[in-house]
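Please keep the sequence and the model in view while reading.

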Amino acid sequence: MEPTPSIRVENLTRQYGALTALHNVSFTVNPGEIVGFLGPNGAGKSTTMRILSGIMSATSGSAWVCGVCVAQNPHEVKRKIGYMPENNPLPDDMRVVEYLRFRARLKKVPSNKLRETVQEAMDICDLSRTARRKIIGTLSKGFRQRVGIADALLGNPEIILMDEPTIGLDPHQIQGIRKLIDNLRGKLTVVLSSHILPEIERSCDRVIIINRGRIVASGTSSELREEFLPGNRFAIEIEGEPAALLEKLKSAKISAKILSEKELSIGRYQISLRAEGDPDTLGPQLIHTLQQAENFKLHALAPSNPSLEEIFLAATKRSWEETIDSKPKVASVTNSSAS
Amino acid sequence: MRHFFTLLKHELRMLLISPPTYIAAVLFLCLMGFLYWAILRGMVNTPAEELPSVQFFKAFWIPVFFMVPLLTMRSIAGERSTGTLDTLMTTPTTRSAVILSKFAGAYIFYMLLWLATLGFPFIAQKLYPYAGESAALLEPASLIGSYLFLATSGMLFVAIGIFASSVTRSQLVAGMLSFTTLFVVIVGGQQLGNIADSGPELIGWLDATINYLQIFQHLDDFSRGIIDTRPFFYYTSTTALLLGLSTLVIEAKA
């Protein structure tokens, strides 16, 4: 028997008046996975999270958390989920430890385990040494985020939902949060949303890209790379004409296409090249061919993996075009890309 | 129920640590102290039929108009606008526990303020022992009746404030809404009564209904020591209705 997925969402739709924020969204998240929700502003990330956490109801469709239906048993679901909302609202005039104890009591942590639970959460989020007795209003943004995450960890949830946990943080703090998420890997199911792409790429096992209320792509970043930006890409720096480079490659029977070129200084170009062929042998083959060229000089050659950013742009652009193309029959469109 | 007490404790703690609570309390006591002094002074110059405490509590509407909106306007609207209501909703707390704790917190503070005014007659007694001899300052029947009136009517007033605060996310709107509603409930009932008295005879049930809404009349009865169940029923049932509606509102508008 397959284990119950941590989150299963089927054909979820949410409308705000005439606006459809979510349109037939379906996905599953398995136990122990770290999944990133990616999408531009207003794509429906927060709406999905709010529905999953039980604060908002869906217009249609269903969602299960650890096998419990969210609509039928929101109380049970709230015990299984630790949710950190967008912007991480906290009461400004409480002390960190007081606030966390209050939250733990609300999350039905038994009173004899209260201190222990709060201490544990503070230890995980590195709050116990410096910020324990500080007033929340005086904390820096990074510490506030940590308090929010510590709060989400209280009460032994099975799933943690974090809506934009790294927004507005400096690189040090982002790294801290990333380590924290890494610490949770394997113990809990984590779903986080963000538009900071390298963040998601580094910390998540799987990415779900959502745009205009539809899921446009889902998979690991290498799967997505394959789907949206296939082929081998290289960054090349040469001294000489780019046209000569293409000709040389043509003569060596490597089919290639220049995606972009930029003149660095007079006669020196940086070229982004897409070449077809076996990815294992293509690199050496290219080096070998280009070294022998007479009318230009090779300065640098490096394989370039498209970043999640490029995938994201490609995926959201494609879905944008799809929706524009299908505008007249928008009502009949079913979301085929939801998988 | 456990959640209710956790939330109430939190609510009271927040009241205790926030400076506006103390400012409100000081202003309230200054104003009420001044009123009490003015009443006593008036009594020195012209003899009055009513006891000073009865006259004093007749002015209950002055603090109600500004204290209740100030006390309640931020309770839910404020939490909603900062987003902490959302975080509260993600815990396995029931909506009714949230509303009831907000209500109880505000109500307890409201009653504490009023109980503090009990100090005025004691101070007066201490400073002017003559007046104390006539037992006019600390006449128990009228004091108990008046406080009972404040306790029951206070439920309705605070519930109005909580309801106003639950329907909006702006504290300003909540404050104005509760102020106008309180005005309509307190002054409107009396005005209806005046119209009914000056006009032709009303049919039986309408007359009874209008009498039922006379808050000043209730105070009159209570302060004379007449404790009627009808006002009790009026205040508690309307309070329950408003709190129930607030629960529904935050459930729908989380």
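A:Gly82 is in contact with A:Ala152, A:Leu153, A:Leu154, A:Pro157 and A:Ile160, leaving aside its neighbours within four places in sequence; two residues are in contact if their C-beta atoms, placed from the backbone, lie within 7 Å. The model is a predicted one, in which local features need pLDDT of at least 70 and side-chain atom pairs count only at pLDDT 80 or more, while totals for chains, interfaces and linings use all residues. Residues are numbered from 1 along each chain as its sequence is written, and chains are lettered from A and ligands numbered from 1 in the order in which they are written.

A:Gly82 belongs to strand β6 (residues 81-84) of chain A. Helices (H or I, at least four residues) and strands (E, at least two) are DSSP runs, numbered from the N terminus. Is A:Gly82 buried or exposed? A:Gly82 is buried, because 29 other C-beta atoms lie within 10 Å. A residue is called buried if 20 or more other C-beta atoms lie within 10 Å of its own, exposed if 12 or fewer, and partly exposed in between, with C-beta atoms placed from the backbone. A:Gly82 and A:Lys107 are 25 residues apart in sequence, and their C-alpha atoms are 9.6 Å apart in space.

A:Pro157, one of the contacts of A:Gly82, is found in the loop between α5 (141-153) and β7 (159-163) of chain A. A:Pro157 has 20 C-beta neighbours inside 10 Å and therefore counts as buried. Not counting residues up to four places away in sequence, A:Pro157 touches A:Lys80, A:Ile81 and A:Gly82. A:Leu169 is 12 residues from A:Pro157 along the chain, and 25 Å separates their C-alpha atoms.

The next topic is the meeting of the two chains. Here 17 residues of chain A are in contact with 16 residues of chain B. On the side of chain A that touches chain B, α2 (74-80) and α3 (96-106) each supply at least two residues. By class, this side of chain A has 8 nonpolar, 3 polar and 6 charged residues. Ala, Val, Leu, Ile, Met, Phe, Trp, Tyr, Cys and Pro count as nonpolar, Asp, Glu, Lys and Arg as charged, and the others, Gly among them, as polar.

Chain B itself has 14 helices and 0 strands. Its C-alpha trace spans about 60 × 50 × 30 Å along the principal axes. Of the 254 residues in chain B, 38% are buried. Among its contacts between residues at least 6 apart in sequence, 81% join residues at least 24 apart.

Two packed helices are described by the angle between their axes and the distance between the axes. In chain B, helix α4 (residues 61-72) and helix α10 (residues 140-166) pack at an angle of about 45 degrees, with their axes 9 Å apart. Axes are lines fitted to C-alpha atoms, for helices over the stretch in contact, and angles run from 0 to 180 degrees between N-to-C directions. The residues that make this contact include B:Val64 and B:Val68 of α4(B) and B:Phe157 and B:Val158 of α10(B). The contact of α4(B) with α10(B) has 7 nonpolar, 3 polar and no charged residues.

The axes of α10(B) and helix α13 (residues 215-223) of chain B come within 7 Å and cross at roughly 145 degrees. Among the residues of this contact are B:Leu148 and B:Phe149 of α10(B) and B:Leu219 and B:Phe222 of α13(B).
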